[in-house]
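Please read the numbered points with the model in view.

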Amino acid sequence: MINNESSSIVILGASGNLALTKLLPSLYILFTSGALPHNFVISGYSRTSMSNSEYRKLVKDNLKNNIDETLWVEGFLQEFLNTIHYYSGEYNSVEDFIEFHKVLDSISKNFPSQPNVLYYLSIPPSVFEPVINSLRECGAVTKGDLSTSVIVEKPFGYDTESAQALGKTLDQTFDESQVYRIDHYLGKEAIMNLMVMRFANLIFEPVWNRNYIDSVTVAWEEDKNIGSRGGYFDGAGIIRDVIQNHLLQILALVAMEKPSSYDSESIMSEKNKAVKSIEKITLENCILGQYTHGVCAGKPVVGYIDEESVPSDSKRETFAKIKCAINNYRWSGVPFYLQAGKALTKSTTEIIIQFKEVPGDIFLSPHHPNKMVIEVQPDAGLKFFITNKVPGKGMVLKDVALDFSYVDGFNKTMPGAYERLLLDAIQGDKTLFIGYEELIHSWEIFTPILEKIDSGKADVFYYHAGTYGPEEANRI
Ligand code: BG6
């Protein structure tokens, strides 16, 4: 049962980058806004040997760099740090887990009720299995008991088979109802708004299909190079890093049917059906690229193969454009392009809905079909391009944008995705998390090309860092 009075979050991998730069700053923001349960404790567990006060100092230093300075309130800060406890231990040691849970129990023994415990696996995939097994064997988790649950971060495997193996490991310890598979893109405001835009407005749904829409593009760009992440990235590539998860989730929300109600089961079921209808990708529908030296965000960068810890003969893709086909009644014949690249001109994520030409156009002045651009980041908003008459003589037409920006429209800064998703998980709401079936279907779409890419059977085209990607991307 979900207990809204007392709650405990355990971050496994507490000294890592995700914990320090995203999870703890998000928990701090939730704490300052009063959103967390009254009795709340954060425990960090990882291998690095550190005292409680050393860990709190590390958290404090990282908070400073990762929250808006207006949120830095000394009083709150000290109170927040006091809720944090650190324990160092091995991931495969049941004894260490038993000792850690004794400490946890002693901290929460003064709470009015037994807290729910949410375990956050902020750890490398290589230690998923030992950690999950240790949690079971130390007696901390009982399968099916909703007072304990687990958040799992990507990568959820690296292909269909490994994702199924991870599923089995989780299933030995947790019931699916206890598992929260996080994709932080689902917690971004513009992504959460996709369903609202489609299903709370009358005007979009009638045209949201193959009769009116010519193509859909989800374009993701970053102006950062790989830098010190080479060790991880070279084993993954941009398809596993961003396309198979973040961009596919966006595609699912654009393509899905209307759920019967706004609850996690109905939404997961419709997303799952949409993902299941996507055809497996072939290499013919995929252009891959790798960056060479150039200039990104004003700074010179070396080529991918010259990055730290990237093998000098690597063929790993840092850019990909993929054409997907959805084999269902609504979308048959409409291409969905998923495009992502590192070391490009800027950092943006956009969804472009390209409408078809007006049949039997009567105007001589050239104009374009309607287009909707949903801007996910950095400035979330929506632009809808419509054709208008230019005031004055004759009949000259021009495309202009109806422009909505979240910040201006709501006069609010955008909350971070992790804040939203952590709070949902603490409150037991799975609406914005990924179900097991959907995850497996999402791997089935990409596994055939990933196998070919991994074995060097795919062409890779080169582009200079700081450009739009390889020219060949225009071929599809
Ligand atoms: C992560 C990827 O999942 O998402 C990174 O591993 C990427 O490579 C990041 O940079 C992008 O997230 P955001 O929220 O900064 O767009």
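1. In this predicted model, helix H9 is kinked by about 35 degrees, and the kink is centred on Leu 248. The helix in question runs over residues 238-255.

2. A straight helix of 18 residues would span 26 Å at 1.5 Å a residue, whereas the end C-alpha atoms of H9 are only 22 Å apart.

3. Is H9 buried or exposed? Of its 18 residues, 18 are buried, and H9 is therefore largely enclosed by the rest of the structure.

4. Which residues form the contact between the two helices? On the side of H7 they are Ile 191, Leu 194, Met 195 and Arg 198, and these meet Ile 250, Leu 253, Val 254 and Ala 255 of H9. By class, the contact of H7 with H9 holds 7 nonpolar residues, no polar residue and 1 charged residue.

5. The bond from Lys 154 to Pro 155 is cis, with omega near 10 degrees. Pro 155 belongs to the loop that links strand E5 (148-153) to helix H6 (160-173).

6. The bond between Gln 377 and Pro 378 is also cis, and its omega is about 5 degrees. Here the setting is a loop between two strands: Pro 378 lies between E14 (371-377) and E15 (381-389).

7. Attention is also drawn to backbone angles. Ala 297 has a phi near 45 degrees, which is positive in a residue other than glycine. Ala 297 sits in the loop between strand E9 (294-296) and strand E10 (299-301). With a relative accessible area of 56%, Ala 297 is exposed, the cut-off for that term being over 50%.

8. Where does Ser 309 lie? Its place is the loop between E10 and strand E11 (319-325). Although Ser 309 is not a glycine, its phi is positive, at about 55 degrees.

Terms used:
Residues numbered from 1 in each chain as written. Predicted model: local features only at pLDDT ≥ 70, side-chain atom pairs only at ≥ 80, totals over all residues. Heavy atoms only, no water. Helix = DSSP H or I, 4+ residues; strand = E, 2+ residues; numbered from the N terminus. Expected span 1.5 Å × (residues − 1). Bend = angle between axes of the 7 residues up to and from the residue. Buried < 20%, exposed > 50% of the residue type's maximum accessible area, 1.4 Å probe, protein only. Contact = heavy atoms within 4.5 Å. Nonpolar A, V, L, I, M, F, W, Y, C, P; charged D, E, K, R; others polar.
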